[in-house]
Amino acid sequence: MLLPISSIPSKYGIGTFSREAYEFVDFLKAAGQTYWQILPLGPTGYGDSPYQSFSTFAGNPYYIDLGKLIEEGYLTEEQCEKCNWGSNAEYVDYEKIYQSRFQILKLAFHNSEIEKEKEFCSFVEENSFWLQDYALYMAVKDSVSGKSWSEWEDGIRLRKPEVVEKYKEELREEILFYEFQQYLFSKQWTSLKKYANDNGIQIIGDIPIYVAFDSADTWANPELFQLDENGIPTGVAGCPPDAFSATGQLWGNPLYRWDYHKETDYEWWIQRIGYCYKLYDVVRIDHFRGFDEYYNIPYGDPTAEHGKWEKGPGYDLFRVMKEKLGNKAVIAEDLGFLTPSVIKLVKKTGYPGMKILQFAFDSREESDYLPHNYTKNSVVYTGTHDNDTTVGWYHTISRRDRSFAKKYLNIRGTKNIEWEFIRAAISSVSDTAIIPMQDYLGLGSEARINTPSTLGDNWKWRMTKGQLTDELAEKIYRLCKLYGRVRADKNKNKGK
C-alpha cells in the first residue's frame, strides 16, 4: 500500500510515528500485505513538498510523535493540547504545524538535558558526515529569518572557515536543538521500521533524484553542482512541455556536475544511497530518466520551455553502486516519454520499472500500461501520489476513454468502480502491485495527494480515525489471496 506518513490519523495535526502508525502496520499485516510505500522523509520547506527538502539525509521533525515525548517526561499532555494544530482532521494545516511544532519541540529540548545522554552523543558522532552541516545550516537560516543561503552574508555563504567557527560558537544552542530533533526522528523511525519488519512488512522509501537549491547539501557541497563562482545555478532541473503541462515543469533544483561525481567514483551518491538503506528496505528512485539524460533549463527562465537534454552518468553510477553496496532492491520510476536509451538503461540495471493503470486507457492508441502488455519484472500502481485518486480520475476522463476502461475491465454500473482497477493491478503478472490507500477507501479527488506544477493545495490529505476496519482488511486479504499475492499464513509473526 502507498500511504505517506503525513496521512496517518495521529494526534496534533499531522501523521507521525505514533500509535496510529503501528496500528496501520497491524492493518497491513491483517490485509496480507508485504510492502508499505511512503514518500520522502526529509524536512520540508516552501510548498511543503517532500521532494524539496532542506536535506537529503535529515528527517522531518513534523513526524516526531509528541505522545512518546510525553511518556518520556519531556512534555506534558496539557502543553501539547494548548497548541493550535488546525481544525480539520482530514487535512494538514501546514501553517499551524509550522508555528506550533518547533515551539513545542523547543520546550521538549529545554526539558531534556539531551547532552548527558550517551545514545544522543553516539548518534551525533555516527552521523557527523551530514548532521553537522545540516544543524549549522538550519541554525543560521533561523537566525536570518529563513532566508535562502544564497542571500546570506559572504563569509558564511561561502563557508569561510573562521566565519563558520564564529557561527558555530554563537549558535551553539540552536545547533544542539536541531541535532536533538534528528535524534528523536531517528530513534522513533527506527523503532517503527523494526515493528513493520518484525511483522513481515517491508518499507519502500522514495529518493528524489535532485536535492533542493535551498538545502544544506547544496550549501555545504557546491562542488557537486552546476553553480557559478557566486553559488548561483547555471541551469536548473525540470521537464519539457508535454500533455500534462503546456509550459513544462520548472522544478528549480540545481543540476549535478556529473564529471566531478565520476572523478570521485560517485562517493557522495554512494553515501546518499547507502544511507537510504538504513531508512528503507526498498528504494524507489524518482525520475530515473534523469540518469540517462537530464533536462537543463537556463537559470532565471520563467518556464521550462527552453531547456535542452544533456547526457547523464548512465549505467556507470549503478555499476559502482552495485560494486560498493551490493545488489539492493530498487524500483525505477521510469514514467513519461522514454527514449530507446532510457529503456536500455533500465533493462541493463535489472531494476523493475513502473506501470500506472491510469495511463493505460487512452482510447486512441495501444498502451504499454495496459495489463496484458506487462512483464513480470515490473511494479504496477493504480496511480501514484502525483495522480488523482482512481475514483476522481475515472469521473474526469473523456467519455471515450471511460468507455474503453469499462469494456477492458468489464465494469458494470457506477458503484465501487475502484475495485475493478485494484483487481486488474493485483491480478496482473507484475511482481509487485502497490495500491494507494485512498483507492482502497474509494475516495474521490478530495483525497488527492499532489497535483504537479501547482502550489498551495498539495501533500495535505489525511485518513481519519475509523476508516481502517477489519472488514476492509479482510476484503483486501481475500482479493490478494485469490491472485497469489499473500503469505501462506497471514498470522505469521503474530505477537512480535
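Two strands are taken to pair if DSSP finds at least two bridges between them, and helices (H or I, at least four residues) and strands (E, at least two) are DSSP runs numbered from the N terminus. The structure is a predicted model, in which local features need pLDDT of at least 70, side-chain atom pairs count only at pLDDT 80 or more, and totals for chains, interfaces and linings use all residues. Residues are numbered from 1 along each chain as its sequence is written, and side-chain values use heavy atoms, with hydrogens and water left out.

**View A. Antiparallel pairing around strand S6.** Tyr294 stands opposite Glu310 in S7. Strand S7 (residues 308–311) runs antiparallel to S6, and 4 bridges join the two. Strand S6 (residues 293–298) also pairs with strand S3 (residues 235–239), in the antiparallel sense over 2 bridges. Within this second pairing, Pro298 in S6 is the bridge partner of Gly235.

**View B. The open parallel sheet.** Four strands, in the order S1-S2-S5-S8, form an open sheet with parallel pairing. Its edge strands, S1 (35–37) and S8 (330–332), each pair on one side only. Neighbouring strands of this sheet are turned by 25° against each other on average, direction ignored; axes here are lines fitted to C-alpha atoms, for helices over the stretch in contact, and angles run from 0 to 180 degrees between N-to-C directions. Strand S5 (residues 282–285) and S8 pair in the parallel sense over 3 bridges, and Val283 stands opposite Val330 in S8.

**View C. Aromatic pairs.** Rings of Phe, Tyr and Trp (its six-membered ring) pair if their centres lie within 6.5 Å, with planes under 30 degrees apart counted as stacked, over 60 as edge-to-face and the rest as tilted. By this rule the count comes to 55 aromatic pairs. The rings of Phe109 and Phe180 have centres 5.5 Å apart and planes at 50°, so this pair is tilted. Because Phe109 lies in helix H4 (residues 94–110) and Phe180 in helix H9 (residues 172–198), the pair ties together parts that are 71 residues apart in sequence. Phe109 is buried (under 20% relative accessible area, with exposed over 50% and partly exposed in between; 1.4 Å probe, protein chains only), at a relative accessible area of 6%. Phe180 is likewise buried, at 0%. Elsewhere, ring pairs link a cluster that includes Tyr210, Trp251, Trp268, Phe291 and Tyr351.

**View D. Charges over rings.** A charge sits over a ring if NZ of Lys or CZ of Arg is within 6 Å of the ring centre and within 35 degrees of the ring normal. The charged end of Arg159 sits over the ring of Trp219, 4.4 Å from its centre. Arg289 lies over the face of Trp309, at 3.8 Å from the ring centre.
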